[in-house]
Amino acid sequence: MRIARAAMNVVYLGTLLVAGLLVYLLTGRRWLSLTATLLALSGYELVFYKDMVHYDQTALFGNFLMLLTIARYKLERGRRWHVYVAVLVAVG
């Protein structure tokens with residue numbers, strides 16, 4: 001159970017990272033993205049339940065990953081196969 005909770009904490013940190021990258025990509029401002037990410041993801045439910053195995057943190061991580069990949073594809077003219085890989089990772 002401790003390993004599963006540690007894995008969920010890693011997923012939580014990954015969600016923070018991907019959300020921060022998404023806001024930075026959309027705004028281009030480092031401190032604004034850091035502040036917005038920490039304020040948005042420091043809510044009671046996300047912090048209190050971040051290490052629960054049954055919680056939907058992985059779904060939130062997958063959604064943020066998809067949004068980041070689509071934004072990079074649209075804004076930076078990235079490769080299309082990155083979107084397909086992100087879909088498979090988010091569904092997985």
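Reader: Okay, so which residues line the largest pocket?

Author: Bear in mind that this is a predicted model. In it, the largest pocket is lined by Leu65, Leu68, Thr69, Arg72, Tyr73, Glu76, Gly78, Arg79, His82, Val85 and Ala86.

Reader: How do the lining residues divide into nonpolar, polar and charged?

Author: Five are nonpolar, three are polar and three are charged.

Reader: What volume does the largest pocket have?

Author: About 200 Å³. The second largest pocket comes to about 160 Å³.

Reader: Let's go there, then. What lines the second largest pocket?

Author: Its lining consists of Leu16, Leu17, Gly20, Leu21, Tyr24, Arg30, Ser33, Leu34, Thr37 and Leu38. Both α1 (2-27) and α2 (30-40) supply at least two of the lining residues.

Reader: How many of those are nonpolar, polar or charged?

Author: Six nonpolar, three polar and one charged.

Reader: Is Gly14 buried or exposed?

Author: Buried, because its relative accessible area is 16%, and the cut-off for buried is under 20%.

Reader: And how many residues apart are Gly14 and Leu41?

Author: They're 27 residues apart in sequence, and their C-alpha atoms are 12 Å apart in space.

Technical notes:
Residues are numbered from 1 along each chain as its sequence is written. This is a predicted model: local features need pLDDT of at least 70, side-chain atom pairs count only at pLDDT 80 or more; totals for chains, interfaces and linings use all residues. Side-chain values use heavy atoms; hydrogens and water are left out. On a 1 Å grid over the protein atoms alone, a cavity is a set of points where a 1.4 Å probe fits but cannot get out, and a pocket is an open set with protein on both sides within 12 Å along at least five of seven lines; lining residues have an atom within 4 Å of a point. Grid points are joined across faces, edges and corners, and a volume is the space filled by probe spheres set on the points. Ala, Val, Leu, Ile, Met, Phe, Trp, Tyr, Cys and Pro count as nonpolar, Asp, Glu, Lys and Arg as charged, and the others, Gly among them, as polar. Helices (H or I, at least four residues) and strands (E, at least two) are DSSP runs, numbered from the N terminus. Buried means under 20% relative accessible area, exposed over 50%, partly exposed in between (1.4 Å probe, protein chains only).
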